[in-house]
Amino acid sequence: MTQSGVAFGTSGARGLVTAMTDAVCFAYTVGYLKHLATLGEFSPGTPVAVAGDLRPSTPRIVRACVAAIRSMRGEPVFCGFVPTPALCVHAFARGIPSLMVTGSHIPADRNGIKFNRAHGEFLKTDEAAMREQDVELPEGWFDADGALAIAADLPAITDVVPPFVARYRDFFGPDALSGLTLGVYQHSAVGRDVLVDIVEVLGGKAVPLGRMDSFIPVDTEAVRPEDAALARDWAAAGTLDAILTTDGDSDRPLLADRAGNWLRGDVLGILAARFLNAAAVTTPVSSNTALELSGFAKEVRRTRIGSPFVVAAMTEAAEAGLVPSVGYEANGGFLLASDVTRDGRTLAALPTRDSVLPMICALVAAREQGRDLDALVATLPPRFTLSDRLVEMPTAQSQAQIAKLGEDPEGGAAALGFTKACGPLHHVDKTDGLRMIFANGEIIHLRPSGNAPELRVYVEADSPERADELLKTGLAAVSTWRQG
């Protein structure tokens with residue numbers, strides 16, 4: 001791990017494609033299986049499900065992972081190139097380990113491996129234990145550059161898509177989206193065709209848009225200007241009720257209203273949680289505070305950023321009897337710690353990010369209330385979040401600057417121009433990065449990305465215009481940190 005530079009990020013192992021050699025990916029997978037063996041979740045003969053996204057490096061890494069499974073005498077189950085939640089629905093239902101080769105939303109020069117346990121996501125405690133495993137590479141299996149030197153044919157594909165599509169049809173019903181015409185921005189998302197299938201099986205009309213052969217790093221938290229412009233252009237014809245899309249591995253959603261305005265993931269999460277009558281809602285500290293102001297949940301739990309933290313806290317809530325217990329992230333990924341029943345239909349728990357569920361919940365809620373999506377969003381308290389990133393900012397440099405700011409938040413906020421922009425600093429939250437809450441209720445939150453050398457800037461205000469101003473202020477201020 002140290003030599004390769006491939007390390008655990010917010011969710012799974014991530015690194016440059018050049019660093020993620022076959023040998024490195026093989027070693028990671030062996031360490032993963034050795035850890036599961038200590039938990040009684042893996043032994044010779046155990047099936048291990050594997051899938052991947054559509055970035056160019058993924059097939060090679062999948063083969064390295066399959067070779068590792070065979071070296072441990074496991075039985076690789078190749079699920080093809082499918083959404084991460086589709087893989088998890090299949091694996092969790094069978095109580096078998098699974099791994100997804102994906103870099104999620106990050107550029108194609110990087111990739112990753114997301115590991116799962118037999119019934120849920122890999123938690124941070126699992127990552128620590130996996131690091132302790134001793135791994136030996138089989139002699140003669142790799143060349144001097146770390147490339148596989150043996151045959152590593154993939155098994156025949158096990159089709160996991162039909163049960164995944166049926167999951168939504170059985171819960172929402174075949175007429176849930178009847179009468180709606182929905183654009184599906186396909187780009188290079190691995191679930192682009194699956195999303196079309198789901199819209200149609202729920203009675204909606206799907207209009208595929210923007211399909212790409214090359215990989216596009218769609219980030220649902222920091223929407224590219226190109227994607228904002230595309231949505232507005234598609235919406236301008238006036239024929240679409242909404243536009244749906246996902247990130248690369250299709251576990252994070254992005255939903256636009258009739259005018260082509262992309263909804264924030266933390267707003268979408270509130271709409272979905274409210275629609276499902278959640279008793280407990282878990283979300284990272286960076287998510288919109290309209291959740292608490294909405295008042296529908298008996299309990300709200302705030303965590304560090306990353307699905308493993310959300311999973312741990314929402315599972316605790318479910319075990320305490322607070323059900324339905326759900327979670328979501330600011331990127332829109334929605335998680336179920338418990339089964340949910342609505343109108344006599346039950347949706348089984350899925351304790352990993354799902355992009356489909358929150359988008360369908362919002363569309364059905366709007367349809368049931370006779371509203372457009374923008375009108376549904378307007379029923380929430382007026383709090384607006386935005387985020388963006390300072391790219392090519394080394395993580396260690398971000399951490400050092402944030403630590404220095406944390407030593408004297410008031411002085412640091414003044415030096416960065418935040419006090420001038422927002423007024424006096426009221427409170428600082430160090431749950432994840434540094435979250436500055438000002439006396440006027442505005443928020444600026446700085447945090448190094450867990451997946452790439454980027455510094456994330458999150459802001460919150462009472463109007464979208466003010467949030468936009470704060471984001472520009474925040475990005476301009478931290479850009480000076482590049483000079484050290």
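Student: With which residues is Ile437 in contact, leaving aside its neighbours within four places in sequence?

Tutor: In this predicted model, Ile437 is in contact with Leu425, His426, His427, Asp429, Glu442 and Ile443. Contact here requires heavy atoms within 4.5 Å. Ile437 itself is found in strand S20, residues 434-438.

Student: Why does Ile437 count as buried?

Tutor: Its relative accessibility is 17%, and buried means under 20%. Ile437 therefore counts as buried. As for its place in the fold, the C-alpha atoms of Ile437 and Gly74 are separated by 50 Å, and the two residues are 363 residues apart along the chain.

Student: What makes the phi of Ser104 worth a remark, and is Ser104 buried or exposed?

Tutor: Phi of Ser104 is near 60 degrees, which is a positive value in a residue other than glycine. Ser104 sits in the loop between strand S5 (98-101) and strand S6 (110-116). Its relative accessibility is 1%; the cut-off for buried is under 20%, so Ser104 is buried.

Student: And Glu392, is it buried or exposed?

Tutor: Glu392 has a relative accessible area of 61%. Exposed means over 50%, so Glu392 is exposed. Glu392 also has a positive phi, of about 50 degrees, although it is not a glycine. Its place is in the loop between S18 and helix H13 (395-407).

Student: Why is the pair of Phe26 and Phe142 called edge-to-face?

Tutor: The structure holds 13 aromatic pairs. Phe26 and Phe142 form one with 5.2 Å centre to centre and 75 degrees between the planes. Rings pair if their centres lie within 6.5 Å, and planes over 60 degrees apart count as edge-to-face; the pair is accordingly edge-to-face. Phe26 lies in helix H1 (residues 22-38) and Phe142 in the loop between helix H4 (124-131) and helix H5 (161-172), so the pair ties together parts that are 116 residues apart in sequence. Both Phe26 and Phe142 are buried.

Student: What makes the pair of Tyr328 and Phe334 stacked?

Tutor: Their centres are 6.4 Å apart, with 5 degrees between the planes. The centres must lie within 6.5 Å, and planes under 30 degrees apart count as stacked.

Student: Which residues form one aromatic cluster?

Tutor: The cluster is made of Phe8, Tyr28, Tyr32, Phe115 and Phe122.

Student: Which residues of the largest nonpolar core touch the most other members?

Tutor: This core has 69 residues, of which Phe172, Leu177, Leu255, Leu276, Phe334 and Leu357 touch the most other members. Helix H11 (residues 356-368) gives the largest share, 10 residues. Leu177 touches residues including Leu182, Val199, Leu202, Ile360, Leu363 and Val364, not counting residues up to four places away in sequence. Apart from this core lies another, of 36 residues, among them Tyr32, Ala68, Phe78 and Val101.

Student: What is the volume of the largest pocket, and which residues are closest to its centre?

Tutor: The largest pocket has a volume of about 1000 Å³. It is lined by 36 residues, and those closest to its centre are Trp262, Leu263, Arg264, Thr385 and Leu386. The lining divides into 19 nonpolar, 6 polar and 11 charged residues. Helix H7 (225-235), helix H12 (373-377), strand S18 (384-390) and helix H16 (464-478) each supply at least two residues of this lining.

How values were computed:
Residues are numbered from 1 along each chain as its sequence is written. This is a predicted model: local features need pLDDT of at least 70, side-chain atom pairs count only at pLDDT 80 or more; totals for chains, interfaces and linings use all residues. Side-chain values use heavy atoms; hydrogens and water are left out. On a 1 Å grid over the protein atoms alone, a cavity is a set of points where a 1.4 Å probe fits but cannot get out, and a pocket is an open set with protein on both sides within 12 Å along at least five of seven lines; lining residues have an atom within 4 Å of a point. Grid points are joined across faces, edges and corners, and a volume is the space filled by probe spheres set on the points. Helices (H or I, at least four residues) and strands (E, at least two) are DSSP runs, numbered from the N terminus. Ala, Val, Leu, Ile, Met, Phe, Trp, Tyr, Cys and Pro count as nonpolar, Asp, Glu, Lys and Arg as charged, and the others, Gly among them, as polar. Rings of Phe, Tyr and Trp (its six-membered ring) pair if their centres lie within 6.5 Å; planes under 30 degrees apart count as stacked, over 60 as edge-to-face and the rest as tilted. Buried means under 20% relative accessible area, exposed over 50%, partly exposed in between (1.4 Å probe, protein chains only). A nonpolar core is a set of buried Ala, Val, Leu, Ile, Met, Phe, Trp, Tyr and Cys residues joined through side-chain atoms within 4.5 Å.
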